[in-house]
Amino acid sequence: MGSTAIHNVFVYGSLLADDVVQVLLNRIPPSSPAFLPNYHRFSIRGRVYPAILPVENNKVTGKVLLGITPPELLILDEFEDVEYERRTVDVFLMDSSEKLQAHTYVWENKTDPNLYGEWDFELWKRFVQGRVLEDDERFCGRTGAY
């Protein structure tokens, strides 16, 4: 893939919130609701963000950020940190069932004993979102993401 390629990125956690994406990328890219088959979104003990891992007959709902530039993809890589591996996956758009290739971030430690249950975006919005935005703004200041 050339350095000028435009990317799609499937998001399923804090990046579902437009204000988080705005802080990181300094814009809100177009997006479409989508799901990732054969994965599960776990809560992580002691963390406010989720992890996904392959799990047969499950699916993770989220959205696809469209038209992500190479510099923006690097910002997302840095934001997701070393605990996640960027992978290319097939996702399905909710409005049309169209299959689309996208990058997503998969938890590296497949046997992590801190993974449990299912992470809930609505609970995250209610109790955590404001705190995460402050952390993201500090992250952008450290990395020069703007």
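## Helix H1

Helix H1 is followed by Asn 26, whose phi is positive, near 65 degrees. Helices (H or I, at least four residues) and strands (E, at least two) are DSSP runs, numbered from the N terminus. H1 spans residues 18-25, and Val 20, Val 21, Val 23, Leu 24 and Leu 25 in this helix are buried. Buried means under 20% relative accessible area and exposed over 50%, with partly exposed in between (1.4 Å probe, protein chains only).

## Basis and confidence

This is a predicted model, in which local features need pLDDT of at least 70 and side-chain atom pairs count only at pLDDT 80 or more, while totals for chains, interfaces and linings use all residues. Residues are numbered from 1 along each chain as its sequence is written, and side-chain values use heavy atoms, with hydrogens and water left out.

pLDDT is the predictor's confidence in each residue, from 0 to 100. The chain has a mean pLDDT of 88, with 86% of its residues at 70 or more. Confidence is highest in strand S1 (residues 7-11), at 98, and lowest in helix H4 (residues 129-143), at a mean of 53. Where pLDDT is low, the predicted coordinates should not be read in detail.

## Helix H2

Helix H2 covers residues 70-80; Glu 72, Leu 73, Ile 75, Leu 76, Phe 79 and Glu 80 are buried. These residues lie on the same side of H2 because they cover an arc of only 155 degrees around the axis, the arc being that of the directions from the helix axis to the C-beta atoms. Exposed Pro 71 and Leu 74 sit on the face of H2 turned away from its buried side. Just after H2, Asp 81 has a positive phi of about 70 degrees.

## Strand pairing

Two strands pair if DSSP finds at least two bridges between them. Strand S4 (residues 84-93) runs antiparallel to S2, and two bridges join them. Phe 92 in S4 is the bridge partner of Phe 35.

S4 also pairs with strand S5 (residues 99-107), in the antiparallel sense over nine bridges. Tyr 84 stands opposite Trp 107 in S5. The two strands S4 and S5 form a hairpin with five residues between them, and Ser 97 in the turn has a positive phi of about 65 degrees.
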